Amino acid sequence: MKATVDQYLCIGCGVCVGLCPQVFCMGADGKSGVYRPVTEETLSPVQEAMDSCPVTAISWLEHE
């Protein structure tokens, strides 16, 4: 599975980075991005980040 962050929706709150720094990071523009693939170990924290995002900017990619 692959996660993505919609850069137009992201407000840079950092919740996702706080919940799963193994996958998410803050870019120079102050917005979050996915910098590592989701693994079995990070699947649950990534889902928690998706559920916690205040603007619903994180989603699963259906097709790569």
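Me: Where does threonine 56 lie?

Reply: This is a predicted model, in which local features need pLDDT of at least 70, side-chain atom pairs count only at pLDDT 80 or more, and totals for chains, interfaces and linings use all residues. Residues are numbered from 1 along each chain as its sequence is written, and side-chain values use heavy atoms, with hydrogens and water left out. Helices (H or I, at least four residues) and strands (E, at least two) are DSSP runs, numbered from the N terminus. On that basis, threonine 56 lies in the loop between α2 (43-52) and β4 (58-60).

Me: What is phi of threonine 56 near?

Reply: Most residues other than glycine have a negative phi. Threonine 56 has a positive value although the residue is not glycine. Its phi is near 55°.

Me: Is threonine 56 buried or exposed?

Reply: Buried means under 20% relative accessible area, exposed over 50%, and partly exposed in between (1.4 Å probe, protein chains only). The relative accessible area of threonine 56 is 58%, so the residue is exposed.
The class asked for is therefore exposed.

Me: What pattern does the protein follow along the sequence?

Reply: The protein has 2 helices and 4 strands. Read along the sequence, they give the pattern β-α-β-β-α-β.

Me: What is the radius of gyration of the protein?

Reply: The radius is taken over C-alpha atoms, and the globule rule is 2.2 Å times the number of residues to the power 0.38. Along its principal axes the C-alpha trace spans about 30 × 25 × 20 Å. With 64 residues, a compact globule would have a value near 11 Å, and the protein agrees with this at 10 Å.

Me: Which residues does isoleucine 58 touch, not counting residues up to four places away in sequence?

Reply: Contact means heavy atoms within 4.5 Å. Isoleucine 58 is among the residues with the most contacts inside the largest nonpolar core. Beyond four places in sequence, isoleucine 58 touches Thr4, Val5, Cys16, Phe24, Ala49, Met50 and Cys53.

Me: Is threonine 4 buried, partly exposed or exposed?

Reply: Threonine 4 lies in strand β1 (residues 3-5). Leaving aside neighbours within four places in sequence, its contacts are Val34, Ala57, Ile58, Ser59 and Leu61. Its relative accessibility is 26%, so threonine 4 counts as partly exposed.

Me: Which residues are closest to the centre of the largest cavity?

Reply: A cavity is a set of points on a 1 Å grid over the protein atoms alone where a 1.4 Å probe fits but cannot get out, and lining residues have an atom within 4 Å of a point. Grid points are joined across faces, edges and corners, and a volume is the space filled by probe spheres set on the points. The search finds 1 cavity of 30 Å³ or more, and about 80 Å³ of space lies in the largest cavity. Of its 14 lining residues, the closest to the centre are Cys10, Cys13, Cys16, Ser32 and Cys53.

Me: Is serine 32 buried or exposed?

Reply: Serine 32 is found in strand β3. Leaving aside neighbours within four places in sequence, serine 32 has contacts that include Val5, Cys10, Cys16 and Phe24. Its relative accessibility is 3%, so serine 32 counts as buried.

Me: How far apart are the C-alpha atoms of leucine 19 and glutamate 48?

Reply: Leucine 19 is in helix α1, and beyond four places in sequence its contacts are Pro45, Glu48, Ala49 and Ser52. Leucine 19 and glutamate 48 are 29 residues apart along the chain. Their C-alpha atoms are separated by 7.4 Å.

Definitions and conventions: On a 1 Å grid over the protein atoms alone, a cavity is a set of points where a 1.4 Å probe fits but cannot get out, and a pocket is an open set with protein on both sides within 12 Å along at least five of seven lines; lining residues have an atom within 4 Å of a point. A nonpolar core is a set of buried Ala, Val, Leu, Ile, Met, Phe, Trp, Tyr and Cys residues joined through side-chain atoms within 4.5 Å.
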